Amino acid sequence: MKKMLFGIVGITIAGILLLVAYVSNLDFPAKEVKPISAVLKVERSSDELVQLGTYQSADWYISKTSPSQTNKRMIAKMEKEGWRYVDQNGAGLFFEGNEGTKVITCEKWASRYNVCQVPHS
């Protein structure tokens, strides 16, 4: 029984180390963001869309939902802020508002997450 317990613990530790090594070797679209901190932030959150911060004159968000669900969450967030959703073209979500037009880009990152960039007006 002890051998099996040690085996399970060993496999779990090895899996965690492999995950950390994998994430550490990834590049995040905003160079100021450490990939491991982005992953930890979204994994620890109960929110489906998590703001990472402001970098490169844009707000950055990460989600672990599907691309279509991430887009729906981003559209709802922008509409709540007074923007009107217009269209989607590829990775770009187009909005119109009093400040003009805003294009948000969402992309798949690290095969499990979606990252959205909301440029400042």
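Here are legends for a few close-up views of this predicted model.

Residues are numbered from 1 along each chain as its sequence is written. Since the model is predicted, local features need pLDDT of at least 70 and side-chain atom pairs count only at pLDDT 80 or more, while totals for chains, interfaces and linings use all residues, and side-chain values use heavy atoms, with hydrogens and water left out.

**View 1. The largest nonpolar core.** This core has 15 residues, and Phe28, Leu52, Trp60, Ile62, Trp109 and Tyr113 have the most contacts inside it. (A nonpolar core is a set of buried Ala, Val, Leu, Ile, Met, Phe, Trp, Tyr and Cys residues joined through side-chain atoms within 4.5 Å; buried means under 20% relative accessible area, exposed over 50%, partly exposed in between, with a 1.4 Å probe and protein chains only.) A second, separate core of twelve residues includes Met74, Met78, Phe95 and Ile104.

**View 2. Glu43 and its two partners.** Glu43 meets Lys64 in a salt bridge (3.4 Å, N to O) and Arg112 in another (3.6 Å, N to O). (A salt bridge puts a side-chain nitrogen of Lys or Arg within 4 Å of a carboxyl oxygen of Asp or Glu.) Shared partners join Glu43, Lys64 and Arg112 into one network. Glu43 is partly exposed, at 30% relative accessible area, and Arg112 is partly exposed too, at 47%.

**View 3. Glu96 meets Arg84.** In this salt bridge, the closest N and O atoms are 2.6 Å apart. Glu96 sits in strand S4 (residues 92-97) and Arg84 in strand S3 (residues 84-89), so the pair ties together parts twelve residues apart in sequence. (Strands are DSSP runs of E, at least two residues, numbered from the N terminus.)

Terms used. Helices (H or I, at least four residues) and strands (E, at least two) are DSSP runs, numbered from the N terminus.
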